[in-house]
Amino acid sequence: LIHIRNGRFDIGWKLYERGLENNVREPLRGYYTEREKIWDGRDFNSGLLVYGEQGLGDQLIFGTVLPDLLKDHQNVILKVDARLKNLFEDSYSNIKVFSENDEIPKGLYKSYISLGSLCKFYRNHTNDFLNSKFKSYDLKRDLPLHISKQISSLENLKIGISWKTFASKNQIKRSLSTSQVSKILSSNNNSFINLQYGNVYKDIKEINSLSQNHLLTIDNLDLTNDLNNVINVIKNCDLIITIDNTLAHLAASLGKITWILLPFSSDFRWMESITPSLWYDNAVLIRQKNDGVWDNVL
């Protein structure tokens, strides 16, 4: 990870494969019981099964490599989290997409690989990331009327915001407090939409008690599981402000302008000391200058 975050990709991605040997990386169900051979990057005509891995964020960020894979290999099958199935189907119409619990018909593929492992073939130089695009996602579904009415009533810029991660890794360091979120809301007169998944009712109550500019929580929208409508809301926002969590990857992969607030020692995916993201050209990385201090970021 140290090699990757410092741009030594040719070394880093090869060593990254060790994570599949010691269960640090977690491909979706079926990877470790495969009977077919692991793909070696060479051209062949049979089907290739690509297993999504880890959480939603990894499946999205590594999903930006798929256009490069499709230039070399046409018969691609993809297994992802069920919540992302529609997104990948609409983005990559020439890929057969299955959710993690689907049984894939026998004979459909002759080799397999984990999604993150594609990087060792396609992301070995900084210039390779110029191709790092999640294919344009043109959502064809309309927002439910009750959601549309709430969003259309908002004034000025519509800003989606998320401030917390429930991941076990650096949860406290990556998350903002309710008082810090209230400072963002209080600094301007734009409209803020809650895009924070999970049980955060208490957080929202505290944020709104600390700020006169209240955070809108859309009624009857499941921010954890209903990603189709979450995606619709994101596309109706002018800007997304978020810490390093699933929303950062979801919004950035959709091409939305996304400000990602990062701790001093951030995840390797965001590299070292850069403001633009290599993975998403519409994302801006705003980093702490000192460990644990968010003042400059806010």
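A pocket, as used here, is an open set of grid points with protein on both sides within 12 Å along at least five of seven lines, and its lining residues have an atom within 4 Å of a point. The model shown is predicted.

**View 1. The largest pocket and its lining.** The largest pocket holds about 890 Å³ of space. Its lining counts 34 residues. Nearest the centre of the largest pocket lie Q54, G55, D58, K169 and R269. Several helices contribute to the lining: helix 1 (2–5), helix 2 (9–16), helix 3 (18–21), helix 4 (56–61) and helix 13 (246–253) each supply at least two residues. By class, the lining of the largest pocket has 13 nonpolar, twelve polar and nine charged residues.

**View 2. The second largest pocket.** About 410 Å³ of space lies in this second largest pocket. It is lined by 16 residues. Closest to its centre are E34, Y51, E103, I104 and Y109. The lining of the second largest pocket divides into four nonpolar, three polar and nine charged residues.

**View 3. The salt bridge between R25 and E53.** Side chains of opposite charge can pair when their charged atoms come close. The model has 15 salt bridges in total. In one of them, R25 pairs with E53, and their closest N and O atoms are 2.9 Å apart. Are R25 and E53 buried or exposed? Both R25 and E53 are buried. The pair also belongs to a network of salt bridges that links E17, R25, E53 and K120.

**View 4. The salt bridge between E103 and R29.** The side chains of E103 and R29 meet at 3.5 Å, N to O. This pair links distant parts of the chain, 74 residues apart. E103 lies in the loop between strand 4 (96–99) and strand 5 (111–114). R29 lies in the loop between helix 3 and strand 1. E103 is exposed, with a relative accessible area of 64%. R29 counts as partly exposed, at 46% relative accessibility.

View 5. K71 and D68 form a salt bridge, at 3.4 Å from N to O. Both residues belong to helix 5 (residues 66–72). What separates K71 and D68 along the helix? About one helical turn does, because they are three residues apart. K71 is exposed, with a relative accessible area of 59%. D68 is buried, at 7%.

**View 6. A nonpolar patch on the surface.** I257, W259 and V284 make up this patch. Together they have about 240 Å² of accessible area. V284 is part of strand 11 (residues 283–287). V284 has 30% relative accessibility and so counts as partly exposed.

**View 7. D222 and G198.** D222 is in the loop between strand 8 (215–216) and helix 12 (227–235). D222 is partly exposed, with a relative accessible area of 34%. How far apart in space are D222 and G198, C-alpha to C-alpha? The two lie 8.9 Å apart, while 24 residues separate them in sequence.

How values were computed. Residues are numbered from 1 along each chain as its sequence is written. This is a predicted model: local features need pLDDT of at least 70, side-chain atom pairs count only at pLDDT 80 or more; totals for chains, interfaces and linings use all residues. Side-chain values use heavy atoms; hydrogens and water are left out. Patches are made of residues with over 30% relative accessible area and no salt bridge: like charges are joined within 9 Å, nonpolar side chains (Val, Leu, Ile, Met, Phe, Trp, Tyr) within 5 Å. Accessible areas come from the Shrake-Rupley method with a 1.4 Å probe; for residues, only the protein chains shown count as cover. A salt bridge is a side-chain nitrogen of Lys or Arg within 4 Å of a carboxyl oxygen of Asp or Glu. Helices (H or I, at least four residues) and strands (E, at least two) are DSSP runs, numbered from the N terminus. Buried means under 20% relative accessible area, exposed over 50%, partly exposed in between (1.4 Å probe, protein chains only). On a 1 Å grid over the protein atoms alone, a cavity is a set of points where a 1.4 Å probe fits but cannot get out, and a pocket is an open set with protein on both sides within 12 Å along at least five of seven lines; lining residues have an atom within 4 Å of a point. Grid points are joined across faces, edges and corners, and a volume is the space filled by probe spheres set on the points. Ala, Val, Leu, Ile, Met, Phe, Trp, Tyr, Cys and Pro count as nonpolar, Asp, Glu, Lys and Arg as charged, and the others, Gly among them, as polar.
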